[in-house]
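Me: Can you take me through the side-chain contacts and the surface of this one? I'll ask as we go.

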Amino acid sequence: MGDFYTEKMVKRKAGGRELAPAAGLAAAALISAYIALSNLLGVLLVIIFVGLCVIAVRRSRIEYEYLFINGDLDIDKIINRSSRKTVFSMNVSELELLAPEGSRELERYGNARMLDFSSNQPAFKRYVLVAGRKGELYRVVFEPGEELVEGFFLMAPRKVLH
């Protein structure tokens, strides 16, 4: 049996939760600009708030990389194409269930901790992976694609629903 390797990149669509800090900072910058008309301190505040706003917008550019190698799944979060952090790792032996989002089989895992590593775009098919790690149950929402689902099916056919 050969090695199984697949990867997929998913760009997350920024929603209200990701853009709220930038909107708040932009509003603060506008208020500071008004204050700057009568006070020198306002100019400094405008510069600070505009800088923070730029940082907040850059941090809202998020991509996820799914990497599946011989039964090990790693999900990395990439912020602004410069900072990478592994946010979830598991082995297929920890898998309870992998099913399309909305499947009836997922109802019994409603109390599991939810992690969303999807693009937030309804056009793409989302799956829910249920895994038990360190005594805690997780529901991971992601968009694996057919090749990655097939990899899980090869490793644990009874735990994967298409």
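Me: Which residues make the nonpolar surface patch?
Reply: Leu 41, Leu 44, Ile 48, Leu 52 and Ile 55 make a nonpolar surface patch of about 450 Å². Patches take residues with over 30% relative accessible area and no salt bridge, joining like charges within 9 Å and nonpolar side chains (Val, Leu, Ile, Met, Phe, Trp, Tyr) within 5 Å. Accessible areas are Shrake-Rupley values with a 1.4 Å probe, and for residues only the protein chains shown count as cover.

Me: What are the ground rules for the model?
Reply: This is a predicted model, where local features need pLDDT of at least 70 and side-chain atom pairs count only at pLDDT 80 or more, while totals for chains, interfaces and linings use all residues. Residues are numbered from 1 along each chain as its sequence is written, and side-chain values use heavy atoms, with hydrogens and water left out.

Me: Now rings. How many aromatic pairs does the structure hold?
Reply: There are 6 aromatic pairs. Rings of Phe, Tyr and Trp (its six-membered ring) pair if their centres lie within 6.5 Å; planes under 30 degrees apart are stacked, over 60 edge-to-face, and the rest tilted. One of the pairs is Phe 4 with Phe 68, edge-to-face at 5.8 Å centre to centre and 75° between the planes.

Me: Why does that pair tie parts of the chain together?
Reply: Phe 4 is in the segment before β1 (5-11) and Phe 68 is in strand β2 (residues 62-69), so the pair ties together parts that are 64 residues apart in sequence. Phe 4 is buried at 18% relative accessible area, and Phe 68 is buried at 0%.

Me: And what about Tyr 66 and Phe 142?
Reply: They form an edge-to-face pair, 5.3 Å centre to centre with 90° between the planes. Tyr 66 in strand β2 and Phe 142 in strand β8 (residues 136-142) are 76 residues apart, so to speak a link between distant parts of the chain. Both Tyr 66 and Phe 142 are buried.

Me: Which rings are linked into a cluster?
Reply: Tyr 64, Phe 88, Phe 117 and Tyr 138, through ring pairs. Arg 133 lies over the face of Tyr 138, 5.5 Å from the ring centre; the rule wants NZ of Lys or CZ of Arg within 6 Å of the centre and within 35 degrees of the ring normal.

Me: Switching to charges. How many salt bridges?
Reply: The count is 4 salt bridges, each a side-chain nitrogen of Lys or Arg within 4 Å of a carboxyl oxygen of Asp or Glu. Arg 84 forms one with Glu 65, the closest N and O atoms being 2.4 Å apart. Arg 84 is in strand β4 (residues 83-91) and Glu 65 in strand β2, 19 residues apart.

Me: Is Glu 65 buried or exposed?
Reply: Glu 65 counts as buried, at 10% relative accessibility, whereas Arg 84 is partly exposed at 48%.

Me: What else does Arg 84 bridge to?
Reply: Asp 76, with the closest N and O atoms 3.0 Å apart. Asp 76 counts as buried at 10% relative accessibility.

How values were computed:
Helix = DSSP H or I, 4+ residues; strand = E, 2+ residues; numbered from the N terminus. Buried < 20%, exposed > 50% of the residue type's maximum accessible area, 1.4 Å probe, protein only.
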